[in-house]
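Please take a moment to look over the sequence and the model before reading on. The paragraphs below lead from the whole chain to a few of its residues.

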Amino acid sequence: MSSLPVSAPTVTPENEKYWASSAEGRLVLQRCDNCGVVIWYPRGLCPDCKSTDISWFEATGQGEIYTWTVSRRGDGPWKQAAPYVIAYVQLDEGPRVMTNIVEADIDSLAIGQRVTAVWDDTGEGNAILRFRPPLIPRPVSAY
């Protein structure tokens, strides 16, 4: 998908459902059944009330850029990918996710800009969550 490095994550019992859904191109999040908070990153207990009564739901994969920066350097494979965008995206469901913005003109990015989830396959049965601005349809030529 993007030209950014992709490495396989460490799958644990707490995040296994998230990573399995990522392979299907679906963003799933956890919600605390006790206090209702939506949880990011996947874990075994609610960070607000410490309850272990947590369930999963499918998220929209939509959000907006909360903040972003351009990295023009990097180490290892990230050096070859520069420049690239590091961002926090505020998901429509509430949490902020640290991620990359891909498939975008860096000079046109803005705080508050709408973005949608895309997935970079790791080749190991899961994918890394990244975001891109919505595609703008090209006008159809009359000729």
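Of the 143 residues of the chain, what percentage count as buried? The share is 38%, where buried means under 20% relative accessible area, exposed means over 50%, and partly exposed lies in between, with a 1.4 Å probe and protein chains only. This is a predicted model, in which local features need pLDDT of at least 70 and side-chain atom pairs count only at pLDDT 80 or more, while totals for chains, interfaces and linings use all residues. Residues are numbered from 1 along each chain as its sequence is written, and side-chain values use heavy atoms, with hydrogens and water left out.

Seen as a whole, the C-alpha trace spans about 55 × 40 × 30 Å along its principal axes. The chain contains two helices and eight strands, and these follow one another along the sequence in the pattern α-β-β-β-β-α-β-β-β-β; helices (H or I, at least four residues) and strands (E, at least two) are DSSP runs, numbered from the N terminus. Among the contacts in the chain with a separation of 6 or more, 53% come from residues 24 or more positions apart, a contact being heavy atoms within 4.5 Å. The accessible surface comes to about 8600 Å², and 49% of that belongs to carbon and sulfur atoms, as computed by the Shrake-Rupley method with a 1.4 Å probe.

An open sheet of three strands has the order 2-1-3 with antiparallel pairing, where two strands pair if DSSP finds at least two bridges between them. Strand 2 (38-39) and strand 3 (54-58) are the edge strands, each pairing on one side only. Strand 1 (residues 28-32) runs antiparallel to strand 3, and five bridges join the two. Across from arginine 31 stands serine 55, which belongs to strand 3.

The last topic is the cysteines. In general, a disulfide is a covalent bond between the sulfur atoms of two cysteines. How many disulfides does a search of the whole structure find? The search finds zero, with a disulfide taken as a pair of cysteine sulfur atoms within 2.5 Å. For cysteine 35, the closest cysteine sulfur is that of cysteine 46, and because the two sulfurs are 3.6 Å from each other, they are too far for a bond.
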